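Dear colleague,

Please find the structure below, handed over for your own work.

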Amino acid sequence: MSLLRLEEVHTFIEQFHILEGVSIDVPEGDIVALLGRNGAGKTTTLKTILGLTPARSGSVFYDGNNITGRRSFDIAAMGIGFVPEHRAIFSDLSVEENLLIAERERGDFAAKEDFIFGLFPDLKRLIRLPGTNLSGGQQQMLAVARALVPNNRLLLIDEPSEGLAPVLIEQMMEAIRRLSSESTVLLVEQNFIVASRLAQHFVIIEEGRSIMSGAMKDLVDDDETIKRYLGAGTGGAT
Amino acid sequence: MTTLTPTPQSWLRRRRGLLAMVALLIAFPFLVSIIVDGQGLGAVIANDQGNARFLQGLAIEIFILAIYALSYDLILGVTGLLSFGHAMFFAVGAYTFGIMLKTHEMQWVAALVVVLIAAILQAFLFGVVLVRVKGIAFALVTLGLASVFWIVIQSSDLQQWAGAEIGLQGVRAPVWFLDTTNERFAFYLVTMTLMILCYVLYLRIIDSPSGKVFHAIRENEDRALMLGYNTFWFKLLVLVIASVTASLGGVLHTMHQPIVTPNIAGLGFTVTALLIILIGGVGTITGALVGAAVYRLLQFYLDRWFGAASELLIGLAYVVLVLYLPYGIVGTWRAKAAKRKEGWERLRTLLSPGERPTS
Amino acid sequence: MTTDTKQPEKVSKQRQRADWLLENRARVSVLAALAFLFIVALAGLESKDWFPTIMQGLSVGALTFLVASGLSLIFGLMDVLSLAHGEIFMLGAYVGWTVYTRFDTTVDATVPLLLVIAPFTLMPLWQRMARWLRTLGRKWHFGIWILGLGVVYAAWYVIFAAGDADAIEGEVSGAGAGVTIIVSLLFVAAAYGLYRKWRSNDGSVESVKEAMSLTSWSLLALGGGAAITAMTKFPLVIWDAEDFAKSPSNFAVQVDLGTLAPLPADSFGWPALVAFVVLLLGGSLIALALSSLQTAIGDVAPLTRKHWTGFVAMVGLAIVLHLTKASLNEWVFGLSTTWRFFLAIAVATGLGFAVGAFIEVVLIRPLYDRPIYQLMITLGVGFILIELVREVWGRPEFTMARPAAFNGTGEGCPGQGLGGFFSGCSTVEVFGGRLRVYNEGFVVLVGALVLIGVTLLLKKTRIGMVIRAGVQDPEMVEALGINVRRVFTLVFAMGSGLAALGGVLAAPSIGLSSGMGATFLLGAIVALAIGGLTSFPGAAAGALLVGLLQQIIIRFGQTGINLPFLDEPFKPSPTVVPAAAILLMVVILLVLPSGLLGRSER
């Protein structure tokens, strides 16, 4: 049973046709990796699911409901967490406030506190600091932690390993693996090695179209496909 | 598309509409004189009282507003610089010319030279601001500069020159063709000619290579910069052109109005320019002329019917325009050009049964 | 680029400090220069002079701050520089003045207003109805459009006919008939346009959206028409047009002095019950129109007993007010002016809040993807508000008497020292200088309270947290499941409420005129630009700076400033004082494009 399903989604940003037919199926409980080159439309896909860049045609189903055309906050409140690229945390807010703002009901954070600090022990130490004072890796952890505060059934994570030092990538991968026991994850990842070690399924997007999908274990051995569609993506790993 | 060297003849042919407009405008006072007033053609030349004379006055105001709005359209509509101090460009021209004539008793040509210098100087002043600030901050600084000018011009410290709150009065026309009281028709022709000249000049500027850069600055300044254009000089050029044009409008205003009030330096007058180009269509140039005519006539008739409430109605009209007709009259007209052409074609085929629709 | 290399704590701290100084050297030097100038300026005065000057500066600063605070929050959150903000300040002053001096009129106006607003408590009902409207057939939509157009035409005709009657005879009536024909043709053309639209409405998402937009506006016209028609049946005694037209300024003086006796309210032209029902109907239609203007309606909350209670309470209040009008007026006019003043503050602030919410929902919201047009529309709204005030209150300038608590004279006055502020005297002597308790005491106090209150709201509450986050990245806040649009509306309403509060506070000290809004908007914009456009503390600091600078200049204007190249001391006239603050803004923006406390890049 799939938790999230996209059917032939087309999205425009102003007059530019960014997504020209994306279909994705995300089974509940698994990690699905969205792969593709820079500018293929991966981030736009995530934003379209959330309604931040609404789909012009096609449909998005979440948990059996058609959520196309709903307002973003409405969609998110159904239990979808978003970790944007470039660690978009609120730098004017303290670490604690960054977590508290994600609460959908009072006490969400208190209930998940131990789980979150278990994943990212560093954050506990930094709890009073303003967001500006965090390092890149800490910001990325905070961004992921923020998405964990409410009970989200689905997490959309955009480029979690981007710009992180190798040690931190390992830590982040570990965290994602552990949180996937609680939520389903749709992951955008440039680094193929990271993606292949985390995800059970993959979808390749090329020029705004989803052209290929399947089990990750099949893709790992398919060097030709990797080279053709992901190109430089394989090289940058540890 | 093949590029043809534009000969004067072909240029004129392309501007048939404009020529017809000019002819109509020249004929207009005579037509009014004959049809409405029942006077002869000579009445226009003789400057007799009547509707013809009155409507010429109204038309002169429209021409002046059009010159002023044209310059704002170049800054805001074409180049995308959000300046809230445009009224100052107009008022500097108006006041400088008036003070030079009245207090300093200058020759009118000399006074015009002073106005030209003042106009260029104030464009440089705004240009200096442009180096430092962009976007909303530029709007605020220009608003600030214009407000300072507005405050200073109506302060009692400058009473003897600018006439404080009442304004500048008693400026006498230096030559016969600028005399709106005694030679209305001549002045009418002068303002009209100047407006048409400005309009044609602006069209040419926009078609020129520099004009393309102005557009590029509005659309994406960073890209223009990356293409190797030093956008600052282009923006400064825009400011100078607009400032000189607006000051010319101001000079004509001083000649036409018995009193030059400080209102023409206030934010309200910048809003007038904004309103005019919104009505006409932002960035269309032609829209400034259409907008000026619509605005002034609307204002005149609303004032006549509703008195004090007319301003309220203009405000409401403005809000409705912003919400529902963002491209203005000319902009919308152009957007629908294709559809209209189709309609005409259909009408033609309907009217001439011999022809078969070609498609 | 981020690297996670860790440096020894001590070194990094020292370096941080050095970096900070280096980064902010322009900012620090500007602050130092300002401080130096102020000290030099004040050192030239005696203590009995400089203390009142500073306090007067604080007073003007506090009023400016009340306008600037809302402006800053709104600009920070939504990137809309609301140029209508000054006019909301002005509206607050006029409404406050009316409640204060003519409570009877306020009651007269409240009854119909309550009835129009009452249906808004049943929002879920209207939302559900709006959703149902969407499913209606094309014919129904077309019918509603034509009705709406008809109302607009009728309104135009009535007003035009009235206007034409006053016009100069003979000359215009011919033209008038011609214009009537032209305008009628225009309306026929509009009806034809609607017909075309109806034909092209093929049930696709886009066309339904367009059809709904037209339907909403027609409903708004219908509701507005009904409400305005019924409202004219409520006699608003102060605007007794005859009396007012005879001598507006005389009228204003009489009102100020309180010598103009309240007129007895006229009886209804038609049964009160009919007027009540029409008003409720008008309000319902307006509420329906507004909820159907929203492009997407999420889940509609169920209509609970709470909604109905609110509705019944408001209607009930309106009826009770209407029936007890006479005795209520008598009672309020018997109250001390202090209580009436606080009532005025509450009413004006509330109204400012409501007007702000209305402006945001109806006019700003449809334009979020066209920022320049938002700016333009606020300009238009400001223009309309000025004209509205001129229409309703006329053109004369009013003064407003200070409430009794700040207006004592006689024995024991002026009060001495800081305790004197509470003595009930109108003035007080502190450090040898004479201060006005209202201007330099109460206004400054309220300004400080608002500063503390808003700061606490921003720092300590969840909504404050959302606002601060939204200033930075509204899209991300939305992605967290928070309805940012609602926060926008709230902030816009709150900012407008604060501006209106500023207006009432300003009325007793500077009087009322239709130009007051523009003056304070300019001051607030200057304050905002000085402080850094999106920074709330910056707005406070900027407002203070503007106030102080203006008062110091005024002070020196009286004695004259010795400028190096002039033989006589330079005495600027009071009218040029605002120019000084603006010049300060220009200079500061040129040195620090992002203001004193603003971020350099967003």
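Two residues are taken to be in contact if their C-beta atoms, placed from the backbone, lie within 7 Å. Please also note that this is a predicted model.

On that basis, the contact between chains A and C draws 28 residues from chain A and 19 residues from chain C. On the side of chain C that touches chain A, two elements each give two or more residues: α18 (462–472) and α19 (474–479) of chain C. Of these, α18(C) gives the most, with five residues.

Turning to chain B, its secondary structure consists of 17 helices and two strands. Its C-alpha atoms occupy a box of roughly 75 × 65 × 45 Å along the principal axes. Among the contacts in chain B with a separation of 6 or more, 70% join residues 24 or more positions apart. Buried residues make up 44% of the 359 in the chain.

One helix of chain B deserves a separate remark. Helix α12 (residues 231–256) of chain B has 26 residues, which at 1.5 Å a residue should span 38 Å; the end C-alpha atoms are 37 Å apart, in agreement. Since 19 of the 26 residues of α12(B) are buried, this helix is largely enclosed by the rest of the structure.

Yours sincerely

Definitions and conventions:
Residues are numbered from 1 along each chain as its sequence is written. Chains are lettered from A and ligands numbered from 1 in the order in which they are written. This is a predicted model: local features need pLDDT of at least 70, side-chain atom pairs count only at pLDDT 80 or more; totals for chains, interfaces and linings use all residues. Helices (H or I, at least four residues) and strands (E, at least two) are DSSP runs, numbered from the N terminus. A residue is buried if 20 or more other C-beta atoms lie within 10 Å of its own, exposed if 12 or fewer, and partly exposed in between; C-beta atoms are placed from the backbone. The expected span of a helix is 1.5 Å times one less than its number of residues.
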